[in-house]
Amino acid sequence: MVCPVINCCTARQEQTRARIVNVTIVHYLDREGSLMTVTNRESGTNVHEVSDGIYRINTPVMFENGNSFSFNQYLIADDEALLFHTGPRKMFPLVREAVASVLPAKQLRYIAFSHVEADECGSLNEWLAVAPQAVPLCGTVAAMVSIEDLADRSPRALADGEMLALGKHAVHWFDTPHLPHAWECGFLMEEQSSTLLCGDLFTQGGADLPPVTESDILGPSEAFRKKMDYFSHTKNARAMLEKLASTNPETLACMHGSAWRGDGAKLLRALADELSA
Ligand SMILES: [Fe+2]
Ligand SMILES: [Fe+2]
C-alpha cells in the first residue's frame, strides 16, 4: 500500500539520502533479545532475520502530524536470491544499503512484488540496474498489464500455484485479485520456512513495532483498515484467504508493521470473518 502522505516525508528522506555516505552498521539486541542490524542510523533502517534465511528490512517513517508508519521488504538469501518488494523509489538507497548488509546486490536473481504500487515495486528498474542477473518476478496479470512495459527487463511471470526453486528455499505464487487491492495482486509462500510473504494484509500503523511478534496483529490491522479503507470490496476475499490458509503458514511476513509468528491459517480465517462482518 502506498503511504498516503509519503510526500510529507520526502524532504526528510532527501536529507537522509544525502547523508548515507560513510554509513556505520550497528548491531544490537532488540527488546526480545534477538540480533538486529541497523544499516542506516539517520533513517533507522534495520535488518532482522525473521525465518531461516529470510530477512526483514524495515524503515520507519515519521510524519509531521505525529503519525508514523513503516515499510518492510523481505530478502530470501539463497543460491537464487529474491527480494520481495523494492520499497518506494525514494527509499532505494536505504534498501540497497540494507540488502548489502546480507549479500551483494548484484547476486539478486529475482525482484518480486505483490502488485504494482510505489512501495511494492517503485524502484524496480533501479534494482535491475544494480543486479544484472535479476528479473522482475510477479503474477501473470502484472506481467501482461504493466511490467512488460514498465520494467527494463522482461519479468518471470508465475501462474497461480506455480513453484519456483531458489536453492534451499522454494516459493509458490498465489493469485489474490483485489485482495487487499489491485487486480494483479498475489503473494508468495516460502515452503522451507512456512513463511507467507503476505504484503499489505495485516498492515499495522506505527513505526516502533518489534520485527516479529506473537501478539495480536489482527486488532491493530483492522483498526488501520477501518480508518484507511485500503481493501477492495471484493466478494471473493474468503475463498482467497482460505487458499492462503491451506498453506498453513507459521510466519506472516507483513509489509507494514511487525511480522507475526503463530497459527497463520487461523489468523487468515479470522481476517475473512472480519471482512464479511
Ligand atoms: Fe504496501
Ligand atoms: Fe498496496
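**Entry 1. Conventions**

I take buried to mean under 20% relative accessible area, exposed over 50%, and partly exposed in between, with a 1.4 Å probe and protein chains only. The model is predicted, so I note that local features need pLDDT of at least 70 and side-chain atom pairs count only at pLDDT 80 or more, while totals for chains, interfaces and linings use all residues. Residues are numbered from 1 along each chain as its sequence is written, chains are lettered from A and ligands numbered from 1 in the order in which they are written, and side-chain values use heavy atoms, with hydrogens and water left out.

**Entry 2. Salt bridges**

I looked up salt bridges, defined as a side-chain nitrogen of Lys or Arg within 4 Å of a carboxyl oxygen of Asp or Glu. The structure contains eight of them. I also needed helices, which are DSSP runs of H or I with at least four residues, numbered from the N terminus.

I began with Arg 238 and Asp 273, whose side chains form a salt bridge at 2.9 Å, N to O. Arg 238 belongs to helix α7 (residues 237-245) and Asp 273 to helix α8 (residues 264-276), so this pair ties together parts that are 35 residues apart in sequence. Arg 238 is partly exposed because its relative accessible area is 41%. Asp 273, at 44%, also counts as partly exposed.

I then examined Glu 242 and Arg 269, a salt bridge in which the closest N and O atoms are 2.7 Å apart. This pair also links distant parts of the chain, with Glu 242 in helix α7 and Arg 269 in helix α8, 27 residues apart. Glu 242 has 36% relative accessibility and is therefore partly exposed. Arg 269 is partly exposed with a value of 36%.

I recorded one further salt bridge, between the side chains of Glu 162 and Arg 156, at 3.2 Å, N to O. Glu 162 is partly exposed at 26% relative accessibility, and Arg 156 is partly exposed at 30%.

**Entry 3. Aromatic rings**

I next asked how many aromatic pairs a search of the whole structure finds. Rings of Phe, Tyr and Trp (its six-membered ring) pair if their centres lie within 6.5 Å; planes under 30 degrees apart count as stacked, over 60 as edge-to-face and the rest as tilted. The search returned five aromatic pairs.

Phe 69 is buried, at 4% relative accessibility, and Phe 71 is buried, at 0%. Tyr 230 and Phe 231 are likewise edge-to-face, because their planes stand at 65°, with the ring centres 5.1 Å apart. Both Tyr 230 and Phe 231 are buried.

The charged end of Arg 225 sits over the ring of Phe 231, 5.6 Å from its centre.

**Entry 4. Cysteines**

How many disulfides does the count come to? I applied the rule that a disulfide is a pair of cysteine sulfur atoms within 2.5 Å, and the count is zero. Cys 254 is in no disulfide, and its nearest cysteine sulfur, that of Cys 198, is 4.0 Å away. Cys 254 is buried, at 0% relative accessibility. Cys 185 is also buried, with a relative accessible area of 1%.

Is helix α2 largely enclosed or open? Seven of the nine residues of helix α2 (residues 92-100) are buried, so the helix is largely enclosed by the rest of the structure. I listed the buried residues as Phe 92, Pro 93, Leu 94, Val 95, Glu 97, Ala 98 and Val 99.

In helix α5 (residues 140-150) I looked at Val 145, which is partly exposed at 45% relative accessibility. Leu 150 lies in helix α5 as well and is partly exposed at 48%. I found Leu 150 and Asn 125 to be 25 residues apart in sequence and 8.4 Å apart in space, C-alpha to C-alpha.

Terms used: Helices (H or I, at least four residues) and strands (E, at least two) are DSSP runs, numbered from the N terminus. A charge sits over a ring if NZ of Lys or CZ of Arg is within 6 Å of the ring centre and within 35 degrees of the ring normal.
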